[in-house]
Amino acid sequence: MILGRTERGIPPVEPVTLKILVAGGFGVGKTTLVGAVSEIKPLRTEEVLTEAGRPVDDITGVEGKHTTTVAMDFGRITLREDLVLYLFGTPGQDRFWFLWDELASGALGAVVLADTRRLEDCFAAVDYFERRSIPFVIGVNCFDAAAHYPADTVRQALDLDSAVPVVLCDARNRESVKDVLVSVVRHAMAYAAGHRDPVAT
């Protein structure tokens with residue numbers, strides 16, 4: 001019989017909880033990514049795209065999309081016994097960007113999801129996190145119909161700093177998404193270590 005921690009007299013571990021943002025352009029797969037990896041039923045704030053929204057919602061390249069996130073997606077994943085990530089998916093359209101500052105408060109880092117068919121759609125998210133010194137990784141969502149490019153090619157196209165990880169992924173696949181999230185945590189920890197104030201002597 002394998003004894004649990006409390007049965008062996010070892011107190012249960014109090015997990016560290018970290019906040020991660022999932023950002024990117026309209027229709028890039030943010031809601032799918034959160035749903036694929038969340039161990040709880042994701043909270044979604046989706047609304048149906050309507051005719052009234054056509055002048056402001058550019059669905060070029062995602063013509064099959066019928067809903068859009070209007071506030072956020074929320075999910076949770078336990079990476080280890082002592083590490084839990086809370087995922088906050090941001091809305092992709094310009095008119096909802098006023099919500100980003102609230103969502104970004106207290107975030108350890110972010111995933112900027114990219115679609116190589118519409119790479120320019122993630123420029124705004126990259127700029128947002130660079131300006132606020134929030135560490136981020138690029139998750140290239142490898143859509144079936146999209147051309148696949150090496151990570152270095154995507155890095156050059158986005159003019160990224162060499163320290164920013166670029167990870168190819170499938171936003172529908174739990175293990176693939178977990179790899180992206182592990183990359184975010186590692187990058188954020190390295191970023192924090194490199195930006196600590198030197199100890200006064």
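Figure 1. Tryptophan 100 is buried, because its relative accessibility is 3% and buried means under 20% relative accessible area, exposed over 50% and partly exposed in between (1.4 Å probe, protein chains only). The model shown is predicted; local features need pLDDT of at least 70, side-chain atom pairs count only at pLDDT 80 or more, and totals for chains, interfaces and linings use all residues. Residues are numbered from 1 along each chain as its sequence is written, and side-chain values use heavy atoms, with hydrogens and water left out. The whole structure holds six aromatic pairs; rings of Phe, Tyr and Trp (its six-membered ring) pair if their centres lie within 6.5 Å, with planes under 30 degrees apart counted as stacked, over 60 as edge-to-face and the rest as tilted. One of these pairs joins tryptophan 100 and tyrosine 128 edge-to-face, at 5.2 Å centre to centre and 80 degrees between the planes. This pair links distant parts of the chain, with tryptophan 100 in helix α2 (residues 100-104) and tyrosine 128 in helix α3, 28 residues apart. Helices (H or I, at least four residues) and strands (E, at least two) are DSSP runs, numbered from the N terminus. Tyrosine 128 is buried at 9% relative accessibility.

Figure 2. Tryptophan 100 and phenylalanine 129 are stacked, because their ring centres are 6.2 Å apart and their planes stand at 20 degrees. Phenylalanine 129 lies in helix α3, 29 residues from tryptophan 100, and both residues are buried. Trp100, Tyr128, Phe129 and Phe136 form one aromatic cluster. The charged end of arginine 132 sits over the ring of tyrosine 128, 3.7 Å from its centre; a charge sits over a ring if NZ of Lys or CZ of Arg is within 6 Å of the ring centre and within 35 degrees of the ring normal.

**Figure 3. The surroundings of aspartate 115.** Aspartate 115 is found in the loop between β5 (109-114) and α3 (123-131) and is buried, with 1% relative accessibility. Its side chain makes a polar contact of 2.9 Å with the side chain of arginine 117; a polar contact is a pair of N or O atoms within 3.5 Å, where within protein one must be able to donate a hydrogen and the other to accept it, and residues adjacent in sequence count only if both atoms are side-chain atoms. Leaving aside residues up to four places away in sequence, aspartate 115 touches Val28, Phe143 and Ala146, contact meaning heavy atoms within 4.5 Å. Arginine 117 lies over the face of phenylalanine 143, at 4.6 Å from the ring centre.

**Figure 4. Salt bridges.** Ten salt bridges are found in the whole structure, each a side-chain nitrogen of Lys or Arg within 4 Å of a carboxyl oxygen of Asp or Glu. Aspartate 121 and arginine 118 form one of them, with the closest N and O atoms 2.7 Å apart; aspartate 121 is partly exposed at 31%, whereas arginine 118 is buried at 9%. Another joins aspartate 170 and arginine 172 (2.9 Å, N to O). Salt bridges that share partners join Asp115, Arg117, Arg118 and Asp121 into one network.

**Figure 5. Confidence in the model.** The protein chain has an average pLDDT of 83, and 76% of the residues score at least 70; pLDDT is the predictor's confidence in each residue, from 0 to 100. Over residues 46-57 the pLDDT is below 50. Where pLDDT is low, the predicted coordinates should not be read in detail.
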